[in-house]
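Subject: Structure handover

Hello,

Here is the structure for you to look through. My notes on it follow below.

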Amino acid sequence: MSPPPALPPANQVLLGIAFRVAAMACMACLSAIVKWTGSRGIPVFEIILFRNLFAFVPLGLYIARTTGWEVLKTKRPLGHLARATVGLTGMVCGFSAVQHLPLTEATALQFTSPLFMTALSAMLLSEKVGRHRWAAVVVGFLGVLIMARPLPGHMNVPGVTLGILSALGAAGAMVAIRQIADTERGPTIVFYFTLGGVAIGVVGSLFHWVTPDPLTLGMLIVAGLIGGVGQLFLTEALRQAPVGVIAPFDYTQLVWAALLGLLIWGELPHPLTLIGAVIVAASGVYILHRELIRFRQAA
């Protein structure tokens, strides 16, 4: 029996954490730009077009300097198509959700992805999910109910529905990635997902296009650059430190979103949103903890 792999040095782990926190800051800024440009009348599919088109700038530089363009060779074109279809459906719903909800609340609903991923892994991948993880899923969805505030006159039905569908799409995309990750590398998956985003953005924009003013155009370009850089930070974080160490720092995105919402729109997070987000985050971290235990036992 071979000895377990050594943990990376402490400074490398800290670098991985820093990359993950920076990635969450990028994603929060992206959501804020999506909300702002949407308020200027830019359609969702047009925003998706710019977000993915200009993400090719940092992504192309990264591929050229690290893996080389041979990384684009793929053995699973249909797998990439499935991942892009599910993931981009989630992106459309997520970009729409921030138009209907405060930024903090829309971000908090994204934290339900691990809950959906656990359920989808059991149904689609036939993974054995024990009672501990199922209990965490149930508790997590109770947190969602607290955030949604399903009382007459209090629940934003379109926004909450779109936010939950976005998290479901993100979870489905992660399940699809699991199915192709044995042969496909990270930059390959990101490249074809981004390419799919450009395609769906072009098609959607054919039916509804709004010519942006110079300021809005600049912000749309920044959205693409920030989205691409954030994706690369996520990749680099996983290269530097184990996923079990860095994944809990995903929840720092809520802090960035709360700050941006307050500074730009004067939004104060509802107390129930924060309580529900803490419950959902705790459930997600516990699910990750149980999965790591399962992987160690399998090893």
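Is D250 buried, partly exposed or exposed? At 22% relative accessibility, D250 counts as partly exposed. The scale used here takes buried as under 20% relative accessible area, exposed as over 50%, and partly exposed as in between, with a 1.4 Å probe and protein chains only.

Please keep in mind that this is a predicted model, in which local features need pLDDT of at least 70 and side-chain atom pairs count only at pLDDT 80 or more, while totals for chains, interfaces and linings use all residues. Residues are numbered from 1 along each chain as its sequence is written, and side-chain values use heavy atoms, with hydrogens and water left out.

Salt bridges

Side chains of opposite charge can pair when their charged atoms come close. A salt bridge is counted when a side-chain nitrogen of Lys or Arg is within 4 Å of a carboxyl oxygen of Asp or Glu. The search of the whole structure finds two salt bridges.

One is between R20 and D250, whose closest N and O atoms are 2.5 Å apart. R20 lies in helix α1 and D250 in the loop between α11 and α12, so this pair ties together parts that are 230 residues apart in sequence. Helices here are DSSP runs (H or I, at least four residues), numbered from the N terminus, and strands would be E runs of at least two. R20 counts as buried because its relative accessibility is 10%. Not counting residues up to four places away in sequence, R20 touches L234, A237, L238, I246, A247, F249 and D250. Contact means heavy atoms within 4.5 Å.

R40 and D213 also meet in a salt bridge, at 3.2 Å from N to O. R40 is in the loop between α1 and α2 (44-53) and D213 is in the loop between α9 and α10, so the pair joins parts that are 173 residues apart in sequence. R40 is partly exposed, with a relative accessible area of 40%. D213 counts as partly exposed too, at 34% relative accessibility.

Aromatic rings

Rings of Phe, Tyr and Trp (its six-membered ring) pair if their centres lie within 6.5 Å; planes under 30 degrees apart count as stacked, over 60 as edge-to-face and the rest as tilted. How many aromatic pairs does a search of the whole structure find? The search finds seven.

Among them is the pair of F19 and F233, which is tilted, with 5.6 Å centre to centre and 35° between the planes. This pair links distant parts of the chain: F19 is in helix α1 (residues 10-39) and F233 in helix α10, 214 residues apart. F233 counts as partly exposed, at 23% relative accessibility.

F111 and Y251 form an edge-to-face pair, with 4.7 Å centre to centre and 80° between the planes. F111 lies in the loop between α5 (103-110) and α6 (113-124), and Y251 in the loop between α11 (243-246) and α12, so the pair ties together parts that are 140 residues apart in sequence. Both F111 and Y251 are buried. Elsewhere, ring pairs link F50, F54 and W209 into a cluster.

Charges over rings

A charge sits over a ring if NZ of Lys or CZ of Arg is within 6 Å of the ring centre and within 35 degrees of the ring normal. K35 lies over the face of W265, at 5.6 Å from the ring centre. The charged end of R83 is placed over the ring of F193, 4.1 Å from its centre.

Buried parts

In α5, seven of the eight residues are buried, and the helix is mostly covered. Those buried residues are L103, T104, E105, A106, T107, A108 and L109. In helix α3 (residues 56-65), the buried residues are P58, L59, G60, Y62 and I63. The cover over the buried residues of α3 includes α9 (186-207) and α10 (214-240).

I47 belongs to helix α2 and is buried, with a relative accessible area of 1%. Leaving aside neighbours within four places in sequence, I47 is in contact with V34, T37, G38, I42, F95, Q99 and L220. The C-alpha atoms of I47 and I177 are separated by 24 Å, and these two residues are 130 residues apart along the chain.

Regards
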